[in-house]
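This report describes the pockets and salt bridges of one protein model.

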Amino acid sequence: MNTVKEKNINNLISLWETIGNSFQKQFSQNTISHCQVTGSEWPNRVWFTSEVTEETLETAIEIVWSSSIPLTLSHWSDFENELHPIFEQFRFGTKSEQIGMSLKLQDKHNHSNRVTLEKVMEESQVTDWSALYPRSFGYKISAEILNKTSHLIPYYLVRFNDQIIGTVIAYKTENVLGVHGLGIIPEFRKQGLAEEVMAHLINNAIDDHVEFVTLQSSAMGKNIYQKMGFSEDFLMTNYRLITGK
């Protein structure tokens with residue numbers, strides 16, 4: 001049986017692959033996979049499907065070099081990340097770090113019903129979602145991705161007092177609900193609204209008999225989820241190639 005860490009990572013990879021396959025831009029070799037979607041800054045990445053070695057790192061370099069768009073290399077490790085010096089040796093510098101977190105579902109969370117989640121189904125909602133997302137995260141997910149994948153991936157707008165103030169993706173694989181892209185725009189932060197969105201998702205997942213909720217959090221955001229009972233399971237390091245060919 002897969003561990004919770006593996007369930008978390010598999011959910012995330014499945015999300016990337018679903019998008020990549022929708023554009024016929026998902027590629028897999030024996031040791032490595034990658035996807036690349038033009039016109040969007042996400043997911044556009046490389047990841048290993050086997051042990052990290054000098055050979056697999058050389059393959060990653062070739063993939064990044066040959067791509068017409070920037071690709072991020074993502075790697076999962078324990079919090080010591082003992083392989084980090086090897087990535088640096090191969091000229092991969094840290095772009096960002098995220099913490100893989102999980103919650104085994106038991107009890108529902110109380111919340112004040114200040115927010116509602118509106119599933120993206122219409123073109124106007126796609127436009128709103130893709131315009132709002134960069135205000136929370138600083139990078140773009142294209143409207144074309146939502147148009148091609150919204151029948152496979154649930155995208156939601158977050159509404160508060162009749163205003164659209166955030167985004168979230170709730171992607172289910174087996175008995176896991178992966179929460180991705182949960183962002184509240186800056187002017188509505190520090191009001192507990194992200195926690196309320198998560199409470200909605202947790203309660204809905206319990207109703208759907210889901211066993212775990214998983215996510216990848218920034219170091220700054222992890223305290224929100226820890227207070228809700230999430231545990232820290234692994235470190236996800238996102239690398240960029242810092243020199244050319």
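## The second largest pocket

Helix α6 provides the largest share of the lining of the second largest pocket, with 4 residues. Helices (H or I, at least four residues) and strands (E, at least two) are DSSP runs, numbered from the N terminus. Both α6 and β8 (163–173) supply at least two residues of this lining. The model is predicted, so local features need pLDDT of at least 70 and side-chain atom pairs count only at pLDDT 80 or more, while totals for chains, interfaces and linings use all residues. Residues are numbered from 1 along each chain as its sequence is written, and side-chain values use heavy atoms, with hydrogens and water left out.

The second largest pocket holds about 280 Å³ of space. It is lined by 14 residues, and Y156, A170, L177, N204 and D208 are the closest to its centre. A pocket is an open set of points on a 1 Å grid over the protein atoms alone, where a 1.4 Å probe fits, with protein on both sides within 12 Å along at least five of seven lines; lining residues have an atom within 4 Å of a point. The lining comprises 10 nonpolar, 2 polar and 2 charged residues. Ala, Val, Leu, Ile, Met, Phe, Trp, Tyr, Cys and Pro count as nonpolar, Asp, Glu, Lys and Arg as charged, and the others, Gly among them, as polar.

## The largest pocket

The largest pocket has a volume of about 1400 Å³. Of its 48 lining residues, Q98, S136, F137, L182 and S218 lie nearest the centre. Strand β9 contributes the most to this lining, with 6 residues. Elements that each supply at least two residues include α1 (4–22), β5 (92–104) and α6 (193–207). The lining of the largest pocket divides into 23 nonpolar, 17 polar and 8 charged residues.

## Salt bridges

The whole structure contains 6 salt bridges (a side-chain nitrogen of Lys or Arg within 4 Å of a carboxyl oxygen of Asp or Glu). In one of them, K104 pairs with E211, with the closest N and O atoms 3.0 Å apart. K104 is in strand β5 and E211 in the loop between α6 and β10, 107 residues apart.

E196 and R114 also form a salt bridge, at 3.0 Å from N to O. E196 belongs to helix α6 and R114 to the loop between β5 and β6, 82 residues apart. E196 counts as buried at 4% relative accessibility, whereas R114 is partly exposed at 31% (buried means under 20% relative accessible area, exposed over 50%, partly exposed in between, with a 1.4 Å probe and protein chains only).

Terms used:
Grid points are joined across faces, edges and corners, and a volume is the space filled by probe spheres set on the points.
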